[in-house]
Amino acid sequence: MVTTEKMSVAALLSVNLRRKANRTIDVQWLLDNEEYAYEIFKFTRAQGFDDLTEYANHLEILMFGQVSDTAVRFTKAQTEKTPDETEETEETTVYDKKNYVGHLR
């Protein structure tokens with residue numbers, strides 16, 4: 001049951017990342033490789049969408065038993081922003097080169 005739930009949440013995360021962040025991920029590799037999973041979770045949370053963050057947190061709990069400390073700090077810092085900081089300018093992009101994970105899709 002847990003494996004099925006992991007695959008289900010990973011698939012939801014993949015579909016929503018493709019729709020909202022124009023990012024394609026390898027779901028099976030996400031479930032098999034811990035380092036890749038943490039990078040995808042970090043990238044997902046950086047997008048600033050609540051539903052993506054919720055999927056990332058849920059999958060991380062299923063895979064590792066808890067949400068990492070960096071995720072908790074990131075979400076707290078994200079909620080403490082003032083309205084001026086949350087506005088996107090034309091120069092701001094959703095994808096940042098430093099978040100690129102190796103040479104995967």
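This is a predicted model: local features need pLDDT of at least 70, side-chain atom pairs count only at pLDDT 80 or more; totals for chains, interfaces and linings use all residues.

Trainee: What makes Lys20 and Asp51 a salt bridge?

Mentor: Their side chains come to 2.4 Å, N to O, and the limit is 4 Å, so the pair qualifies. Lys20 belongs to helix α1 (residues 2-21) and Asp51 to helix α4, so this contact ties together parts 31 residues apart in sequence.

Trainee: Why is Lys20 called partly exposed?

Mentor: Its relative accessible area is 33%. Buried means under 20% and exposed over 50%, so a value in between is partly exposed. Asp51, at 26%, is partly exposed as well.

Trainee: Why do Lys42 and Glu39 count as a salt bridge?

Mentor: The N to O distance is 3.5 Å, and the cut-off is 4 Å, so they count. Both sit in helix α3 (residues 34-46), three residues apart, about one turn of the helix.

Trainee: What makes Arg45 and Glu60 a salt bridge, and are the two residues buried or exposed?

Mentor: Their side chains meet at 2.5 Å, N to O; that is within 4 Å, so the label holds. The pair links distant parts of the chain, with Arg45 in helix α3 and Glu60 in helix α4, 15 residues apart. Both residues are buried.

How values were computed
Residues are numbered from 1 along each chain as its sequence is written. Side-chain values use heavy atoms; hydrogens and water are left out. Helices (H or I, at least four residues) and strands (E, at least two) are DSSP runs, numbered from the N terminus. Buried means under 20% relative accessible area, exposed over 50%, partly exposed in between (1.4 Å probe, protein chains only).
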